[in-house]
Amino acid sequence: LKQSTVGVSLLYSLVFGYETEDVVLSPMTKSQSPSEFWGRQWNVAVHLGLKNGVFKPIRYLTNSKLMGVLAAFVVSGIIHEYVNLVIFSRTGIEFKWKYMIFFGYNACLLFAEHTFGSIEIVQNIVSKLPKPLITALVLCTALPVAHLFTGDWIVHGYFDAVMYAEPTIRCRSL
């Protein structure tokens, strides 16, 4: 996502002369928590849309931050299911709730962070860990469900096709 948005931003700047803002802010190297990954680093444009269009209204209606978070992740899952169906419609792919499970899992991570992150011993342990290790641990939280998000894209050659549109370096074994 980062490479694609940089390319589009560069083209837009060259053609129209306007400066654009980054959409993805290095979540793979700077995130210190799941909420920072999803809320401040990953796809900021979509985050703002979900925050203003889903999270805030649900939080207002229910007076619950956690319900707002859950609703935002459910809507994100639905949108991703729809986009996936449209992109891969000619491949025979079926609606299998993969993105709903992926985003539901990540909503549970945010609930866990909210619940346990304020405990003094947890804060004490986290404060002693090096930042790169914290980022690695945050990324590892996605490993159990990452295949649900990327699996169809890999199987149907999306990343192979992107390779031809963007400069890439391929390493081959000897």
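Visitor: How many salt bridges does the rule give, and what makes a pair count as a salt bridge?

Guide: The count comes to 1 salt bridge, the rule being a side-chain nitrogen of Lys or Arg within 4 Å of a carboxyl oxygen of Asp or Glu. This is a predicted model, in which local features need pLDDT of at least 70 and side-chain atom pairs count only at pLDDT 80 or more, while totals for chains, interfaces and linings use all residues. Residues are numbered from 1 along each chain as its sequence is written, and side-chain values use heavy atoms, with hydrogens and water left out.

Visitor: Why is the pair of Asp152 and Lys98 called a salt bridge?

Guide: The closest N and O atoms of Asp152 and Lys98 are 3.0 Å apart; the limit is 4 Å, so the pair qualifies. Side chains of opposite charge can pair when their charged atoms come close.

Visitor: Which parts does the pair of Asp152 and Lys98 tie together?

Guide: Asp152 belongs to helix H9 (residues 146-155) and Lys98 to helix H6 (residues 98-116), so the bridge links parts 54 residues apart in sequence. Helices here are DSSP runs of H or I with at least four residues, strands are runs of E with at least two, and both are numbered from the N terminus.

Visitor: What makes Gln41 buried, and which residues does Gln41 touch?

Guide: Gln41, found in helix H3, has a relative accessible area of 9% and is therefore buried. Not counting residues up to four places away in sequence, Gln41 touches Val23, Val24, Leu25, Ser26, Pro27, Lys30, Ser31 and Glu36, where contact means heavy atoms within 4.5 Å.

Visitor: At what angle do H3 and H6 pack, and which residues make the contact?

Guide: Helix H3 (residues 34-41) packs with H6 at about 115°, their axes 8 Å apart; axes are lines fitted to C-alpha atoms over the stretch in contact, and angles run from 0 to 180 degrees between N-to-C directions. H3 contributes Pro34, Ser35 and Trp38, and H6 contributes Phe102, Phe103, Asn106, Leu109, Leu110 and Glu113.

Visitor: What is the secondary structure of the protein chain, and how much of the chain is buried?

Guide: The protein chain has 10 helices and 0 strands. Of its 174 residues, 26% count as buried.

Terms used:
Buried < 20%, exposed > 50% of the residue type's maximum accessible area, 1.4 Å probe, protein only.
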